[in-house]
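Work through the following exercises with the structure open beside you, and try each task before you read its solution.

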Amino acid sequence: QVQLEESGGGSVQAGGSLRLSCVASGSIFSINAMRWYRQAPGKQRDLVAAITSGGSTNYADSVNGRFTISSDNAKKTVYLQMSSLKPEDTAVYYCNVDIRRVGFTRTYWGQGTQVTVSS
């Protein structure tokens, strides 16, 4: 089995910072890519940032320059450093990881962590 455990969410005032973490555990051969998505109430789940096993990154336009995704492959962990937070960043944030196991590759989701930004 594979589990993704997220942490680091919370409440912050506009302009503040938060750092999210997502740790993968279980029967893992390797990790191909790691992503963060977010979903605000009544809206679809959108990609926020992604990082490949080689370290290439991409960001949604709305967070580019404010958020930084990084990973520690040895710890099977992906981070999302969020700075200059805005009320519109309020959402549940989910990590999403492509994990290669023996014989197959599958995408897994974390349980989500709430981020609330007040004005």
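**Exercise 1. Find the residue that stands opposite valine 23, and describe the pairing around it.**

Solution. Valine 23 faces threonine 77, which belongs to strand 8; strands, like helices, are DSSP runs numbered from the N terminus (strands E, at least two residues; helices H or I, at least four). Strand 3 (residues 18-26) and strand 8 (residues 77-82) run antiparallel and are joined by six bridges, where two strands count as paired if DSSP finds at least two bridges between them. Before going further, note that this is a predicted model, in which local features need pLDDT of at least 70 and side-chain atom pairs count only at pLDDT 80 or more, while totals for chains, interfaces and linings use all residues. Residues are numbered from 1 along each chain as its sequence is written, and side-chain values use heavy atoms, with hydrogens and water left out.

**Exercise 2. Locate the disulfide and determine its handedness.**

Solution. A search of the whole structure finds one disulfide, defined as a pair of cysteine sulfur atoms within 2.5 Å. Its partners are cysteine 22 and cysteine 95, whose sulfur atoms lie 2.1 Å apart. The pair links distant parts of the chain, since cysteine 22 is in strand 3 and cysteine 95 is in strand 9 (residues 91-101), 73 residues apart. The torsion about the S-S bond of cysteine 22 and cysteine 95 is about 45 degrees, so the disulfide is right-handed.

**Exercise 3. Sort the lining of the largest cavity by residue class.**

Solution. A cavity is a set of points, on a 1 Å grid over the protein atoms alone, where a 1.4 Å probe fits but cannot get out, and its lining residues have an atom within 4 Å of a point. The lining consists of Ile31, Ala33, Met34, Ile51, Thr52, Ser53, Ser71 and Asn73. Counting by class gives four nonpolar, four polar and no charged residues, where Ala, Val, Leu, Ile, Met, Phe, Trp, Tyr, Cys and Pro are nonpolar, Asp, Glu, Lys and Arg are charged, and the others, Gly among them, are polar.

Note on methods. On a 1 Å grid over the protein atoms alone, a cavity is a set of points where a 1.4 Å probe fits but cannot get out, and a pocket is an open set with protein on both sides within 12 Å along at least five of seven lines; lining residues have an atom within 4 Å of a point.
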